[in-house]
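Here are my notes from a read through the model, as numbered points. Keep the structure open beside them as you go.

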Amino acid sequence: MSGRDPYYDILFEKIQIGPVTARNRFYQVPHCNGMGYLRPNTLAAMRGIKAEGGWAVVCTEEVEIHANSDNGSAVEGRLWDDEDIPALAKMAEAVHEHGALAGIELVHGGYSSANHYSRIPPIAPSLTSVNSYDPVQARAMTKSDIRDFRRWHRKAALRSKQAGFDLVYVYAGHNLTLLMHFLSRRFNQRTDEYGGSIENRIRLFREVLEETIEAVGDNCAIAVRFAVDELLGPKGITCKSEGREVVEILAEIPDLWDVNISEWENDSATSRFQKEGYQEPYISFVKSLTSKPVVGVGRYTSPDTMVSLIHNGVMDMIGAARPSIADPFLPKKIEEGRLDEIRECIGCNICVAGDWLSVPMRCTQNPTMGEEWRRGWHPERIEPSKSEKGILVVGGGPAGLECALSLGKRGYRVILAEASEVLGGRVYRESMLPGLAEWRRVSEYRENLLEKIDMVKLYRASKLSTEDIIEFSAKDKFEYSHVFLATGARWRRDGIGRQHRKPIPGLEKITLMTPDELMDGVGASGRVVIFDDDHYYMGGVLAEKLVLEGHKVLLVTPAPDISNWTHHTMEQGLIQSKLLKLGVEIATQQNLVSVNSKQIELACVFTDRRTLHECETLVLVTERLPNDEIYHALQERQKELTESGLKTLKCIGDCFAPGIIAASVHSGHLAAREFEKDFPDDVPFLRERVVV
């Protein structure tokens, strides 16, 4: 019997979408994942888990319709010919197995595709360079090219139906699609019937939409994905002008409107820059113009917000990409009244990074993401314990919390000892930095569930020594002879990192700080120079913190731009723009080569040209050292360990190998899953193989 509050009943009403019916209002919109055509088993398992978790509609990522649109290194879907049908059919079958509808997002990238693999010159409404730094230009489409594109799209729609999909997309969004390029005055310079007025620029969109309905609309719902605002003001499409006009003109033609904003970094903005529901002001007008179901996104994780969106007429179905990654069972948990068990997305975009890196995506909150097929991990089920052994987890950061939680779910007796008064480790401390408050969900979610497991005991303010650990292991009745050390890592004070393999000269002559000290509340003085050789978020967010505290800040990096790795999380431009607006001085492609009293010396990474800069406080953001002293101390006392009965001693998370938070959570989960299990010495997971 469901424990659901009747207030949420509206979320579980059936929704008619053309010829098909969705079992509820939860809709996993198309999202990329780094699996695509190269990893069909991995992809099918991931999507199938979401269907099992209660999503009524589960969609693919972008699926290329022809070799003329080749995403190159990106591992997306492909439907170039009939040989591509079986891989996609596997996903549709996995979704259908759990009673959900399967949707496919057909795409032609236009000038967004450089076609490095196919080597076919790209096409666009008008002659233009591709939207990357590739030395490639897209040629202007002829009328024959337009007819070819319409034919390719129709054939792809028919193949989609053959593969078993229930919804077929006509996709015009994110500035990544040919149809969006035709709609845009910036890229469509044509003077024929496909250019000029909005009625002309929308012509191809309408033709493809109507032809897709004619081809497969008898059995498949036809969805439109459209970016109603490009956030470019008068230079682009806006929700108050042409974005609205497009919806008005096509209002009743598709079976469903999937609306968002453009470009992708705006549509999938991180929590550092946008909060839940940030797209609502742009898309809220759509439902007033059409009787067809409307779906939108906004990184929604609050069931109350979802209900209000329906009641207020903003949308008919709650769209999600990232929240469905963080918790594939979000709909089930609402349906069953388990709201406190929802694993909320933190908006860090580590999932997006997987797509940019062309590897299966991962998730900071959900360590099972991407592991559903190759390791057989399920987000809600875990193999029960094989014994009544006691396990001691030392450290309550992301790795320790996840390890203790997963072991507790398996049924083991667990003690989690944390040295500080609060749980969370680096997650708790970093969540205090500007824009990172939602990252605390990582620890809060796990702490909340741990409190409910009787087999797990939490001890705060309990710093354990080597003697304490040996004593735990020696207990007879309640022995804890298996120890996982999750004691984290600390930032280096010597400058060693990617750029320097030896300590930077002169550091003893200046006031030196690390991110740890700044997060601990130690104040900087005077003009601050940050040397960022880490290249993720820390250098940039510390610069923001310090300038907001009133310091003059110079942010130095050997990389071409600030927080370079955040290109993969699609926030680099936002970070650098914000820092410049705040008055942070930026020095890129510069190395810190020496330090003197109140002065640092920089060198160009290309020419070695030297410059001197005033500096009262130097902050080093380079590498981290694992806090593994206890591990090594215990290893030196083998005789005592043997006598005490200690059977397992293992470092996990940053204590084992410093990395990102997602890596720590995964490490803790992996340790818990593998406890008392045997694994092969070679590859410990399944691989997708090319059969020759």
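1. Let's start at a strand pair. Q599 has E614 in β26 as its bridge partner. The two strands involved, β25 (residues 599-604) and β26 (residues 610-614), pair in the antiparallel sense over 5 bridges. Bear in mind throughout that this is a predicted model. In the hairpin of β25 and β26, 5 residues sit between the strands, and D608 takes a positive phi near 65°.

2. β25 has another partner, β24: the two run antiparallel and are joined by 6 bridges. If you want a pair to look at, V595 stands opposite I600 in β25. The hairpin here has 2 residues between the strands, with K598 at a positive phi near 60°. How many residues of strand β24 (residues 590-596) are buried? It's 6 of the 7, so β24 is largely enclosed by the rest of the structure.

3. Next, helix α17 (residues 466-474). Its buried residues are T466, I469, I470, F472 and S473. These cover an arc of only 155° around the axis, which puts them on the same side of α17. An α-helix has 3.6 residues a turn, so residues three or four places apart point the same way. What do the buried residues of α17 pack against? The strands are β15 (390-394), β16 (413-417) and β18 (482-485), and the helices are α21 and α22 (638-644).

4. α21 (629-635) turns up again in the second largest pocket, where it supplies at least two residues of the lining. So do α14 (398-410), α15 (426-430), β19 (489-491) and α18 (515-519). α15 gives the most, with 4 residues. The pocket holds about 700 Å³ of space and is lined by 36 residues, with E418, A486, T487, G488 and N627 nearest its centre. By class, that lining divides into 15 nonpolar, 11 polar and 10 charged residues.

5. The structure holds 4 cavities of 30 Å³ or more. About 140 Å³ of space lies in the largest cavity, which is lined by 18 residues. Nearest its centre are R343, P379, E402, K409 and H669. Helix α14 is back here, giving the largest share of the lining at 4 residues; α16 (441-450) and α23 (661-674) also supply at least two residues each. The lining has 5 nonpolar, 6 polar and 7 charged residues.

6. The second largest cavity has about 90 Å³ of space. Which of its 14 lining residues are closest to the centre? They are C345, C348, C351, C363 and T364. α11 (322-326) gives the most to this lining, with 3 residues, and α13 (350-356) supplies at least two. Here the classes come out as 8 nonpolar, 4 polar and 2 charged.

7. A22, in strand β2 (residues 20-22), is buried, with a relative accessible area of 0%. A22 and A56 are 34 residues apart in sequence, yet their C-alpha atoms are 5.4 Å apart. Leaving aside neighbours within four places in sequence, the contacts of A22 are K14, I15, I17, A56, V57, L101 and M317.

8. D145 lies in helix α3 (residues 143-163). Is D145 buried or exposed? Its relative accessibility is 9%, so D145 counts as buried, the cut-off being under 20%. Not counting residues up to four places away in sequence, D145 touches R139 and A140.

Note on methods. Residues are numbered from 1 along each chain as its sequence is written. This is a predicted model: local features need pLDDT of at least 70, side-chain atom pairs count only at pLDDT 80 or more; totals for chains, interfaces and linings use all residues. Side-chain values use heavy atoms; hydrogens and water are left out. On a 1 Å grid over the protein atoms alone, a cavity is a set of points where a 1.4 Å probe fits but cannot get out, and a pocket is an open set with protein on both sides within 12 Å along at least five of seven lines; lining residues have an atom within 4 Å of a point. Grid points are joined across faces, edges and corners, and a volume is the space filled by probe spheres set on the points. Ala, Val, Leu, Ile, Met, Phe, Trp, Tyr, Cys and Pro count as nonpolar, Asp, Glu, Lys and Arg as charged, and the others, Gly among them, as polar. Buried means under 20% relative accessible area, exposed over 50%, partly exposed in between (1.4 Å probe, protein chains only). The arc is that of the directions from the helix axis to the C-beta atoms. Contact means heavy atoms within 4.5 Å. Two strands pair if DSSP finds at least two bridges between them.
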